[in-house]
Amino acid sequence: MNAATGSGPGPATGICAGRVVIVTGAGRGLGRAHARAYAAEGARVVVNDLGAGLDGSGSSGGPAHGVVEEIRAAGGEAVAHYGDVATPDGAASLVTTALETYGRLDTLVNNAGFLRDRMLVNLEEDDWDAVVRVHLKGHFLPLKHAAAHWRTESKAGRAPRACVINTSSGAGLSGSVGQGCYSAAKAGILGLTLVAAAELAAYGVRVNAIAPAARTRMTERTFADTMAAPVDGGFDAMAPENVSPLVVWLGSDASAGVTGRVFEAEAGRITVMEGWRPGPGADKGARWSAAEAGEAALKLLSRAETPQPVYGAR
């Protein structure tokens with residue numbers, strides 16, 4: 001496999017040797033790339049995928065099974081899990097699979113998700129609920145069950161060196177036209193990441209998030225032109241394998257001390273996102289009138305940085 005063009009994992013260094021890693025939504029796209037990259041770096045991998053369609057409908061064991069076979073064919077260790085991680089039983093059995101198969105759990109990569117794109121005026125409540133469920137609940141429940149295990153380990157004097165990597169999106173950072181439910185869910189994942197990083201630090205657990213851009217089922221149609229692979233054999237900037245090295249590093253002991261952070265990852269670029277920070281402000285020391293508040297707000301806006309454009313805006 002050629003690492004230069006993004007068609008497979010890069011040169012292995014053994015950075016995750018001995019670790020046990022769960023990757024959700026690992027049957028295709030980014031999750032598949034992460035699972036293969038972790039295995040190439042010596043991790044034993046639980047490959048979770050419900051095998052649902054792009055809109056979340058249906059299920060199949062084929063995608064997860066296929067990735068497990070790829071990892072084993074390359075000399076790695078992996079086991080498949082086909083459960084729905086947005087359900088309590090599915091998330092609990094996911095963690096149990098890691099513990100019963102490999103005897104430990106070191107890293108959780110929350111990646112599962114799907115799309116149901118609609119403009120807000122056409123967005124049905126069922127579509128909203130389904131997308132928020134798979135992204136937000138599908139992050140929360142595996143995190144909850146993994147954290148409970150790590151808390152038990154910590155209290156027993158076996159301090160874990162554990163990591164969680166959550167998957168947000170540029171849509172969660174800046175919004176995306178036609179993706180109101182997806183953007184809201186991905187923004188919620190950022191808030192969950194910050195809270196989890198603060199709460200789980202006492203147990204030796206680090207929690208970070210990525211906002212990747214890559215060619216997957218969810219992007220190759222919506223952003224077909226920008227996601228297309230090069231025809232000349234050059235660097236495939238949108239290959240999902242370009243994102244995985246950062247995810248592998250975050251899930252290893254080498255990233256000790258890094259927690260509560262959000263990274264954008266795309267092509268060969270990594271960016272630390274700095275989130276909401278106070279900008280210009282004014283304090284009257286008393287209650288404003290509506291007119292005064294408006295005048296003050298306009299003056300502050302004139303000194304503030306221009307926000308990033310919403311994805312898809314024209």
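## Getting started

Helices here are DSSP runs of H or I with at least four residues, and strands are runs of E with at least two, both numbered from the N terminus. This is a predicted model, in which local features need pLDDT of at least 70 and side-chain atom pairs count only at pLDDT 80 or more, while totals for chains, interfaces and linings use all residues. Residues are numbered from 1 along each chain as its sequence is written, and side-chain values use heavy atoms, leaving out hydrogens and water.

## A look at helix 2

Some of helix 2 is buried (under 20% relative accessible area; exposed is over 50%, and partly exposed lies in between, using a 1.4 Å probe and protein chains only). The buried residues are Pro-63, Ala-64, Val-67, Val-68 and Ile-71. Viewed down the axis of helix 2, they fall within an arc of 135 degrees, so they line one face of the helix; the arc is taken from the directions between the helix axis and the C-beta atoms. Their cover includes helix 1 (29-40), strand 2 (44-48) and strand 3 (77-81), where contact means heavy atoms within 4.5 Å.

## Salt bridges

Side chains of opposite charge can pair when their charged atoms come close. Counting a salt bridge as a side-chain nitrogen of Lys or Arg within 4 Å of a carboxyl oxygen of Asp or Glu, a search of the whole structure finds 13. One of them joins Arg-133 and Asp-84 at 2.6 Å, N to O. This pair links distant parts of the chain, 49 residues apart: Arg-133 sits in helix 4 (residues 125-155), and Asp-84 in the loop between strand 3 and helix 3 (88-102). Arg-133 is partly exposed at 31% relative accessibility, and Asp-84 is partly exposed at 22%.

Arg-104 and Asp-106 also meet in a salt bridge, at 2.6 Å, N to O. Here Arg-104 is partly exposed at 38%, whereas Asp-106 is buried at 4%. Another salt bridge pairs Arg-277 with Glu-274 at 3.9 Å, N to O, and both of these residues are exposed. Through salt bridges that share partners, Arg-19, Arg-161 and Asp-253 form one network.
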